[in-house]
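Keep the coordinates open as you read.

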Amino acid sequence: MTGPSIRRVVIVGGGTAGWMTALALTRMAGPHAPLVTLVESPEIGTVGVGEATLPTIRHFNVWANVDERAFVRETQATFKLGIEFRDWRAPGHSFFHGFGDHGPDIAGLSPHHQLVRLGQSEALDAYSLPAQAALAGRFQPPSADARSLASTYSYAYHFDASLYAAHLRRLATEAGAEHVQGRIVDVDLDGETGLISRLRLEGERAIEGDLFVDCSGFRSLLLGQTLGVPFDDWSHWLPADRAWAVPCAGTDAIEPYTRSTAGAAGWRWRIPLRHRIGNGHVYASAFQDDQAALDTLMANLDGEALAEPRQLRFKAGHRRRFWVGNCIAIGLSGGFLEPLESTSINLIERGISQLVQLFPFAGLHPALADEYDRYMANAFAGIRDFVILHYRLGRRTEPFWQAMRDQPIPDSLAEQIDLFQRTGEISIRDPESFAEPSWAAILFGLGAQPAVHHPAADIEPRDAVERHLARGRDLIAQHVGTMPQHRRFIEQWLGETGSRP
Amino acid sequence: MNGPRIAILGDGIEAWLFAALFRQLSRRSGTLLVIPTSHARGADTIALPPVVAGAHHLLRIAPATLAAFGQPRYGIRIVGAGGAGALIPYGSYGDPEGPGNFVDAWIRLRSEGRAPALAALSANRALQSGGQLRADSDPALLRSISAGWEIDADRYRALLREVAVSHGVLCSAATAAMDRPAGAPHFTDGNAIEADLLIDASEGGLAAWTNEAGWHGRILAIGTAARRLDAAEPFAIAGVLSAAARLATFLPRPDAMPLLAREYNRLLAIELAGMDSASAMLARLAGRDTPSATLDRYEARYRFAGLLPADPQPWTRDIWLSAFDALGWRPEHYDPNIDRFDHDRSTQRFDAWRAMIDRHLPGRA
């Protein structure tokens with residue numbers, strides 16, 4: 001162990017990652033709960049666009065004692081059942097990645113084997129309750145009764161990231177976190193240990209700490225700039241390096257899903273919130289100039305733009321280490337993957353969860369940092385493969401898409417695609433990331449077609465399977481018909497009675 | 001599609017256990033032929049790990065049937081210098097379905113130097129010491145118990161054979177052999193074995209087909225044939241069970257054998273890594289200093305953060321905790337998530353659990 005026990009934690013950055021970390025650390029109970037100070041520096045801007053999430057955020061919110069209703073109300077949040085992918089396989093085609101399965105196993109096999117056998121794999125979405133509900137504009141929380149069809153899906157949220165940070169700031173400061181605002185002008189390292197000892201702020205102020213969490217975003221003020229941890233660049237796999245973001249007025253309906261629409265050199269997001277719609281265009285600057293990318297975004301808004309467009313620049317990859325000495329990077333300061341599958345906050349959650357578990361109360365030790373690095377590197381790699389997959393298949397003909405299909409990909413993903421196309425099997429390498437139904441949704445959605453199905457699928461009589469599948473479709477359709485419209489659900493749920501419809 | 005033709009080479013417990021289980025898991029897909037091989041007869045008694053209970057359930061082999069020629073095995077008996085005679089119990093500490101986390105709460109107390117002895121919190125250990133379970137025992141206590149078997153090898157093999165054959169597994173009258181050093185397996189009369197896949201379940205009776213564990217070409221080695229682990233725990237049997245499940249998933253299909261084999265072997269490597277680290281742990285408990293980088297990492301996780309292994313494992317967290325504690329490792333800290341559960345209440349739960357074991361398992365030596 002190095003030095004005394006850790007009591008004072010200093011977080012640099014007042015965006016989503018910073019305040020999520022602050023709230024989590026203030027929620028740590030017991031005699032070792034740290035003292036948390038968050039330094040918000042004006043020159044460290046927050047991304048602050050509409051944010052889409054994965055269902056895992058609900059675990060974080062429960063763990064951090066975030067009241068769901070207050071959170072939804074204060075962040076203008078909406079519910080999310082998945083992502084619609086438009087024009088990814090080819091212009092005019094769409095498919096859905098829902099937060100749920102495609103029905104129960106059939107005779108011990110994933111249902112997609114029977115769909116392949118019957119030549120119905122194009123209809124995969126029809127067996128996804130969240131996909132059907134989302135496309136019908138309906139939402140209802142899943143049932144807790146494991147026997148119910150309504151228990152077979154999950155949900156996440158869309159919210160205004162700036163409002164989310166503000167909401168968490170209130171909760172964290174109420175729980176004891178100190179909020180300091182000031183420009184960081186220098187970072188002092190201990191001459192003997194090399195550990196960060198204090199932050200120097202403008203106006204002769206200094207913030208000392210035992211542990212420093214770098215949530216300074218792309219700037220990576222502590223881990224990257226101060227400690228010089230190199231960045232492993234993945235832009236040869238994921239060349240999209242810029243985005244435009246702009247909010248626009250909403251529509252009457254609030255879709256309970258994110259929409260991702262492929263374009264000439266990237267893709268556009270559409271995130272419906274209660275008070276507006278968040279829009280963005282991620283693109284590869286080597287294939288499309290900034291103005292063309294902006295024009296595409298602005299031409300496809302559903303309503304009047306509510307602010308000036310903002311440009312973001314980024315690079316896919318992550319720092320070679322996430323925890324060095326007494327500094328841990330959480331969020332964009334540790335790495336970035338384009339938000340195609342809404343994984344940014346998921347990576348923050350996972351970083352926080354590991355930090356809490358490995359919290360160095362008894363002092364710093366390299367074993368703790370090694371464990372953290374190992375976990376986060378695996379998390380990034382698992383999501384990386386899933387994101388690259390979206391670009392790998394499909395039939396779009398623009399130079400960007402041709403280049404994406406021609407370039408080398410990680411061996412792990414190449415093996416995954418090969419295995420699926422020739423056997424129908426899906427290999428899960430990171431059990432904490434996307435599960436088999438997610439991979440199936442993207443693979444089939446992009447047009448991958450296994451050459452064969454599992455041999456045991458043939459044991460079930462064909463007509464019996466067809467009846468089973470038809471009944472599954474009917475049950476989903478019936479259930480979707482009982483679900484309220486998304487906007488109506490939110491309004492009633494947030495109403496004064498507070499009771500769910 | 002009629003399904004693949006699979007031949008299992010071997011005539012021992014591993015061959016018949018694989019045959020019976022695989023037949024069920026693959027929903028009787030294709031044909032399954034067991035071809036005996038000549039191999040040295042093993043021990044009179046064989047140990048089975050707790051995980052075999054799932055296979056027995058699927059094969060409808062009742063515990064009462066096994067009790068006629070075997071007895072429950074409540075843990076791993078360490079043989080050797082350091083921990084000689086020590087028992088690493090199976091089962092869980094506390095109710096696995098209970099609130100909070102018994103193990104993490106214990107680690108918290110251990111890091112503070114005031115944990116109750118683990119031995120007093122294990123119903124499995126009480127059973128191993130001769131405790132008799134009362135008929136009206138608390139369901140929580142029953143849920144905490146997990147056992148393997150120590151069983152008459154010949155009778156168990158015969159039972160598995162009977163079950164396998166009743167499920168449609170065929171048995172060859174002719175035996176298999178292989179020309180050394182690297183010939184293809186064939187019948188002893190010289191005829192070729194017609195099969196899409198040959199499963200080496202010979203328990204080492206045939207020469208290893210390759211130098212690598214797993215599936216290579218049309219030969220797949222399982223159990224002892226895949227990896228001989230000289231450990232006090234029947235990992236080979238656990239390996240046979242998982243091999244059957246894995247092969248049922250990656251059932252051979254046309255023109256895809258190399259791809260299926262690659263994925264099978266990737267998963268096997270993960271499993272063997274877990275077994276290797278568990279074996280290294282048993283060796284250390286027996287006083288042999290076996291190098292293992294993974295085990296060193298587990299030790300650091302436990303000592304500095306009070307965390308138990310989180311990789312895919314043949315062992316549960318509770319077994320690892322028993323092993324770490326038997327080696328005298330003391331965590332310097334613990335998972336702070338457990339601080340959400342009241343300290344005093346945790347202590348009360350330990351006391352109540354220990355009292356329940358004393359009350360419901362009388363008659364211990």
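Begin with an open sheet in chain A: three strands in the order β9-β10-β11, with antiparallel pairing. Two strands pair if DSSP finds at least two bridges between them. β9 (184–189) and β11 (205–208) of chain A are the edge strands, as each pairs on one side only. Neighbouring strands of this sheet are turned by 25° against each other on average, direction ignored. Such angles are taken between N-to-C directions and run from 0 to 180 degrees; the axes are lines fitted to C-alpha atoms, for helices over the stretch in contact. Strand β10 (residues 196–201) of chain A runs antiparallel to β11(A), and four bridges join them. Opposite R198(A) stands E208(A) in β11(A).

The model is predicted: local features need pLDDT of at least 70, and side-chain atom pairs count only at pLDDT 80 or more, while totals for chains, interfaces and linings use all residues. Residues are numbered from 1 along each chain as its sequence is written, chains are lettered from A and ligands numbered from 1 in the order in which they are written, and side-chain values use heavy atoms, with hydrogens and water left out.

Now step back to the whole chain. Chain A has 15 helices and 22 strands. Its C-alpha atoms fill a box of roughly 75 × 55 × 45 Å along the principal axes. The radius of gyration of chain A is 23 Å, which agrees with the value near 23 Å for a compact globule of 501 residues. That radius is taken over C-alpha atoms, and the globule rule is 2.2 Å times the number of residues to the power 0.38. Of the 501 residues in chain A, 58% are buried. Buried means under 20% relative accessible area, exposed over 50%, and partly exposed in between (1.4 Å probe, protein chains only). Contact means heavy atoms within 4.5 Å. Among contacts in chain A between residues at least 6 apart in sequence, 77% join residues at least 24 apart.

A second open sheet has six strands. Its order is β8-β2-β1-β12-β21-β20 in chain A, and the pairing is mixed. The edges are β8 (178–181) and β20 (323–324) of chain A, each pairing on one side only. Inside the sheet, β1 (residues 8–12) and β12 (residues 211–214) of chain A pair in the parallel sense over four bridges. I11(A) has V213(A) as its bridge partner in β12(A). Helix α1 (residues 16–26) of chain A lies across β1, β2 (35–40), β8 and β12 of chain A, and runs at about 165° to β2(A).

Next, look at strand β5 (residues 82–86) of chain A. Four of its five residues are buried. Five bridges join β5(A) to β6(A), running antiparallel. E84(A) has F96(A) as its bridge partner in β6(A). Four bridges join β5(A) to β15(A), running parallel. There, I83(A) stands opposite T258(A).

F96(A) leads on to the rings. The structure holds 43 aromatic pairs over all chains. Rings of Phe, Tyr and Trp (its six-membered ring) pair if their centres lie within 6.5 Å; planes under 30 degrees apart count as stacked, over 60 as edge-to-face and the rest as tilted. F96(A) and Y257(A) form an edge-to-face pair because their planes stand at 75°, with ring centres 5.5 Å apart. The two residues are 161 residues apart: F96(A) in strand β6 (residues 94–98), Y257(A) in the loop between β14 (242–248) and β15 (258–263) of chain A. F96(A) is buried at 1% relative accessible area. Y257(A) is buried too, at 6%.

F314(A) and F336(A) make a tilted pair, with centres 4.4 Å apart and planes at 35°. F314(A) counts as buried at 10% relative accessibility, and F336(A) is buried at 7%.

A charge sits over a ring if NZ of Lys or CZ of Arg is within 6 Å of the ring centre and within 35 degrees of the ring normal. R384(A) lies over the face of W234(A), 4.9 Å from the ring centre. The charged end of R340(B) sits over the ring of W63(A), 3.8 Å from its centre.
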